[in-house]
Structure formats: C-alpha cells, structure tokens
Amino acid sequence: RSNLGGYLLLRGDFDGAEAEYRAALALDQRYIPAWVNLADLKRSQQLEPQAEAILREGLQVMPADPALHHALGLALVRQQRLAEGVEELRKAYEQAPGNARFAYVYAVGLHSEGARSRAISVLEQALERAPNDTQLLSALASFHAEAGEVPRARAYAERLLELLPGDPGVQQLLRSLDQPRG
C-alpha cells in the first residue's frame, strides 16, 4: 500500500497517495516508511505542521525509531525551530550512530547553532565508521576551513578529491584553501 501511495504521488494524485499511506498504517502502524512518506506528502503540500503531527504520532507508536526522529528534526528546522529540530536530529544520530546521513545532518544542525567543535566531533566519529562518505569529508573540510584550520581542511579536501577526481567543486575548495587568509 505504501508503494502504491508513492506511485500515486508521482502521478500527482495527492489524495490517493494519502489514502494509501494511511491504509498501509492501518495494516501495520510499525511500518516506518509509511509514516515518513505521509509526512513528506504533507511537507510537499506546504503543510509542515501536519507533517510534524504525523511524525509525532508515529513516534508514539515507535518512540525510538531514528528515521522518525530524523524526519521530525528536519520538519522542525523547516519551521524555524532550530533548537527543537537539532534535538530530534541528535536522537536520530544517537539511535543510529552508523548512519552517516543522520550524522551529517545533525552536524550541520549543530554548526547552524554555532557549535562548530561539536559538529566537527560528530563528523569525525561518523567518518571513522564511513571513511569514504563524501558528505562527511566535504563538511569536515568546510568546517575546518571556516575555523582557519587550513592543514586539516586540506587533508579532508584531498581525501575527497581521491574519491571524486576531477570534481570541480572539490578543485575549487582546494584552490580556496590556497588563498591567503586575512
């Protein structure tokens, strides 16, 4: 039913998609993709408070599910509720520390709050588990460059270039690290 909801959504049938996601949840309230997809449907309709309510309802059923906490964190951030959103992103990260995407998004949230050193720590821990994750490497290079830690930024950027040879964005990052700081 959830897959049918996705198909209907692609066809622009929002009502049909919602009905299928809800039917999937009626069959199994523990089916996390249906909660996330239903909330995402509401987000796509600019109904962010409804998306939040759906995710909170899902968390009542599955309170420790990292995907629901992650989606709720993003919903809260989109509503300009950064501190609440980062708290939900933290829960997702702590419940699924091996998920590089959760770590990356949590670190970006921390950075947005001004907690750069904590963000870098989260990224470095995640990189130990996913050493070839380009988002983690890119964020580490950027955050270290922003902090004026050019040698560390360069090391991450060079690792990134090994994974993405010829990538213009990575090449630009390396060139920017060569610019005199003032």
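This note walks through a predicted model of one protein chain.

1. Start with the fold elements. The chain has 11 helices and 0 strands. Read from the N terminus, the order is α-α-α-α-α-α-α-α-α-α-α.

2. Next, the overall extent. Taken along the principal axes, the C-alpha atoms fill a box of roughly 60 × 30 × 30 Å.

3. On burial and surface: the chain has 182 residues, and 41% of them count as buried. The accessible surface is about 9500 Å². Carbon and sulfur atoms account for 51% of that surface.

4. On contacts: consider those between residues at least 6 apart in sequence. Of these, 40% join residues at least 24 apart.

5. On charge: the chain carries 20 positive and 24 negative charges. How far apart are the mean positions of the positive and negative charges? They are 1 Å apart.

6. Now the aromatic rings. The structure holds 1 aromatic pair. Its members are Y93 and Y106, with ring centres 5.3 Å apart. The planes of Y93 and Y106 meet at 25°, so the pair is stacked. The cut-off behind that word is an angle under 30 degrees.

7. Where do Y93 and Y106 sit? Y93 belongs to helix α6, residues 82-95. Y106 belongs to helix α7, residues 100-112.

8. Are Y93 and Y106 buried or exposed? Both are buried.

Key
Residues are numbered from 1 along each chain as its sequence is written. This is a predicted model: local features need pLDDT of at least 70, side-chain atom pairs count only at pLDDT 80 or more; totals for chains, interfaces and linings use all residues. Side-chain values use heavy atoms; hydrogens and water are left out. Helices (H or I, at least four residues) and strands (E, at least two) are DSSP runs, numbered from the N terminus. Buried means under 20% relative accessible area, exposed over 50%, partly exposed in between (1.4 Å probe, protein chains only). Contact means heavy atoms within 4.5 Å. Accessible areas come from the Shrake-Rupley method with a 1.4 Å probe; for residues, only the protein chains shown count as cover. Lys and Arg count as positive and Asp and Glu as negative; His and the chain ends are not counted. The place of a charge is taken as NZ of Lys, CZ of Arg, CG of Asp or CD of Glu. Rings of Phe, Tyr and Trp (its six-membered ring) pair if their centres lie within 6.5 Å; planes under 30 degrees apart count as stacked, over 60 as edge-to-face and the rest as tilted.
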